[in-house]
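Hello,

Here is the structure I promised to hand over. Please have a look at it first, then read my notes below.

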Amino acid sequence: MMTGMTALALGEKLKRKEIGVEEAVEAVFKEIEKREPRLNCFITLDRERALEDAGEKQKAILQGAETGPFFGVPIAVKDNLCTRGLRTTCGSRMLRDFVPAYDAEVIRRIRQAGMILVGKTNMDEFAMGNTTESSYFGPARNPGGEERSCGGSSGGSAGAVASGECFCALGSDTGGSVRQPAAHCGVVGIKPTYGTVSRYGLIAYASSMDQVGTLTKDVADGAALLEVIGGRDPKDATSVERGPLDFRKALGQGAKGLRVGILKDALDAGLQREVEAAVLRTAGELEAAGARLGELSLGITEYAVPAYYTIACGEASSNLERYDGMKYGFRAQAKDLRSTYGETRSQGFGAEVKRRIMLGTYVLSEGFYDAYYLRALKVRRLIRDACVKAFEDYDVLLGPVAPTTAPRLGGGGENVTAGYLADKYTVPANLAGLPAMSLPCGTDGQGLPVGIQLTGNLFREDLMFRAAGALEKWR
């Protein structure tokens with residue numbers, strides 16, 4: 001089936017004229033039409049423009065124009081990336097009718113590469129959550145079991161790739177929001193080093209940790225897509241100049257000589273048995289491929305989650321202050337200006353967003369800033385220092401992505417803290433700005449995908465891709 005192909009494989013067939021671009025786009029929309037009533041992975045589709053773009057791309061191919069590896073390939077993007085003329089909701093009532101006047105930088109780059117945007121994917125409201133259940137538009141459902149979560153907050157993107165509703169997708173990762181849904185849906189999710197990809201046009205949650213990432217069917221697609229969207233952008237002061245990005249080059253170099261550190265403190269009592277087995281199995285595969293294994297303990301796992309949520313909520317409180325019903329977005333009907341502000345934010349935001357805004361406002365307030373927010377920043381530095389020290393002895397760190405496979409929808413109930421603790425293996429990479437990726441590694445006893453996590457040093461995605469490439473080849 002065409003929609004089961006990788007994005008690079010499709011791009012090659014399009015270039016050779018073995019498949020037409022319109023044919024590929026129609027195949028995607030046929031799959032969406034069949035699956036969306038059950039999966040709910042998309043919030044907004046753009047069929048008319050996608051088919052129009054497909055016609056233009058097909059003409060270019062027939063005329064022998066120079067094309068890149070993804071020319072004519074359909075792609076989906078998370079609904080917190082601004083798209084000119086196409087609504088961008090962030091999964092929220094607050095922005096349910098918001099239509100940006102400009103494209104995010106990553107959108108500009110995928111269009112420049114000739115990719116065709118088919119739609120905007122479902123997500124937790126303002127990227128706050130790990131199940132997509134906080135979405136105003138309802139949760140995305142896992143293709144591996146519709147009663148299960150896709151993970152979050154980029155759950156719609158992961159589910160769309162896993163189900164064949166698109167060939168690849170973009171998401172955003174603030175505390176694991178690309179890697180965790182990738183693990184739950186059985187696809188590859190990559191978060192690059194902070195600053196590698198422009199955040200211009202990415203609607204902010206926690207600016208010091210937000211980073212655009214990729215969701216793909218295999219590692220080669222992820223590496224190639226990262227080459228497309230990565231690079232310095234003068235519109236984003238946090239983006240960095242890294243020179244030419246050639247992540248695919250590392251895929252064929254093998255794991256021989258790589259120093260792989262198994263995160264011993266991540267193999268704790270709360271880890272599902274099949275997830276732990278997947279980590280240890282992966283370690284064995286890397287060793288068989290020539291890597292040198294060792295065990296280490298960062299000693300900071302128990303502090304990562306509270307530090308992350310203190311900082312992230314503080315930044316969210318500031319970033320979401322702009323939604324007041326005056327300039328754009330939802331506006332409640334009220335008797336005066338003060339009431340309009342209050343009613344707009346009360347009605348426009350969901351429960352999880354309001355919870356994090358209130359927590360963030362509290363930790364930033366006078367009398368509590370030093371006790372909570374400043375202390376969390378100090379812990380963040382300790383976490384970064386621990387990671388830097390770990391990479392003196394190892395090239396890549398290996399561990400789990402999440403404590404369990406995909407949870408049941410509605411299973412969280414009122415236990416908010418348990419949901420936050422599910423991020424404990426992913427948030428250290430965001431606090432330290434490190435690159436990390438989730439790779440599928442079999443299934444559990446119920447047939448649900450299991451993912452493992454590789455983490456690299458700052459700007460050393462190449463070593464991470466060496467390990468990932470060796471694993472895919474081994475399997």
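In which strand is lysine 78 found? Lysine 78 sits in strand E2, residues 74-78. Bear in mind throughout that this is a predicted model.

Let me stay with lysine 78 for a moment. Lysine 78 counts as buried, because its relative accessibility is 0%. Leaving out residues up to four places away in sequence, lysine 78 touches Lys120, Thr121, Met123, Ala127, Ser153, Ser154, Ser157, Leu170, Gly171, Ser172 and Ser177. Take serine 172 from that list. In sequence, lysine 78 and serine 172 are 94 residues apart. In space, their C-alpha atoms are 7.3 Å apart.

Serine 153 is another of those contacts. It is joined to glycine 152 by a cis peptide bond, with omega at about 5°. Look for serine 153 in the loop between E5 and helix H5 (155-163).

Next, backbone angles. Lysine 17 is not a glycine, yet its phi is positive, near 65°. Lysine 17 lies in the loop between helix H1 (7-15) and H2. Its relative accessibility is 48%, so lysine 17 counts as partly exposed. Phenylalanine 459 also has a positive phi, about 60°, without being a glycine. You will find phenylalanine 459 in the loop between strand E13 (449-456) and helix H15 (461-474). Phenylalanine 459 is partly exposed, because its relative accessible area is 36%.

Now the nonpolar core. The largest one has 146 residues. Which of them touch the most other members? They are Phe126, Leu454 and Phe465. Helix H9 (residues 301-319) gives the largest share of this core, with 9 residues. Phenylalanine 126 deserves a look of its own. Setting aside neighbours within four places in sequence, phenylalanine 126 is in contact with Cys90, Ser92, Met94, Leu95, Ile203, Tyr205, Leu320, Tyr323, Phe349 and Val353.

There is a nonpolar patch on the surface too. Met326, Leu337 and Tyr341 form it, and together they have about 250 Å² of accessible area. Tyrosine 341 belongs to helix H10 (residues 337-348). With 33% relative accessibility, tyrosine 341 counts as partly exposed.

On to charges. How many salt bridges are there? The count comes to 30.

- Lysine 34 and glutamate 31: their closest N and O atoms are 3.5 Å apart. Both residues lie in helix H2 (residues 21-39), 3 residues apart, which is about one turn of the helix. Lysine 34 counts as partly exposed at 47% relative accessibility, whereas glutamate 31 counts as buried at 5%.
- Arginine 38 and glutamate 146: here the closest N and O atoms are 2.8 Å apart. Arginine 38 is partly exposed at 39% relative accessible area, and glutamate 146 is partly exposed at 30%.
- Arginine 199 and aspartate 236: the side chains meet at 3.9 Å, N to O. Arginine 199 is in the loop between strand E7 (188-191) and strand E8 (211-216), and aspartate 236 is in the loop between helix H7 (219-229) and strand E9 (259-263), so the pair ties together parts 37 residues apart in sequence. Arginine 199 counts as buried at 16% relative accessibility. Aspartate 236 is buried as well, with a relative accessible area of 6%.

Salt bridges also link Glu105, Arg108, Arg109, Asp233 and Lys235 in a network.

Last, the cysteines. How many disulfides does a search of the whole structure find? It finds 0. Cysteine 166 is in no disulfide, and the nearest cysteine sulfur, that of cysteine 168, is 6.6 Å away. Cysteine 166 counts as buried, with 1% relative accessibility. Cysteine 185 is in no disulfide either. For cysteine 185, the nearest cysteine sulfur belongs to cysteine 150 and is 3.9 Å away. Cysteine 185 is buried, at 7% relative accessible area.

Best wishes

Definitions and conventions:
Residues numbered from 1 in each chain as written. Predicted model: local features only at pLDDT ≥ 70, side-chain atom pairs only at ≥ 80, totals over all residues. Heavy atoms only, no water. Disulfide = S-S within 2.5 Å. Buried < 20%, exposed > 50% of the residue type's maximum accessible area, 1.4 Å probe, protein only. Core = buried A, V, L, I, M, F, W, Y, C linked by side-chain atoms within 4.5 Å. Helix = DSSP H or I, 4+ residues; strand = E, 2+ residues; numbered from the N terminus. Contact = heavy atoms within 4.5 Å. Patch = residues over 30% accessible without salt bridge, like charges linked within 9 Å, V, L, I, M, F, W, Y side chains within 5 Å. Areas by Shrake-Rupley, 256 points an atom, 1.4 Å probe, with all protein chains shown as cover. Salt bridge = Lys/Arg side-chain N within 4 Å of Asp/Glu carboxyl O.
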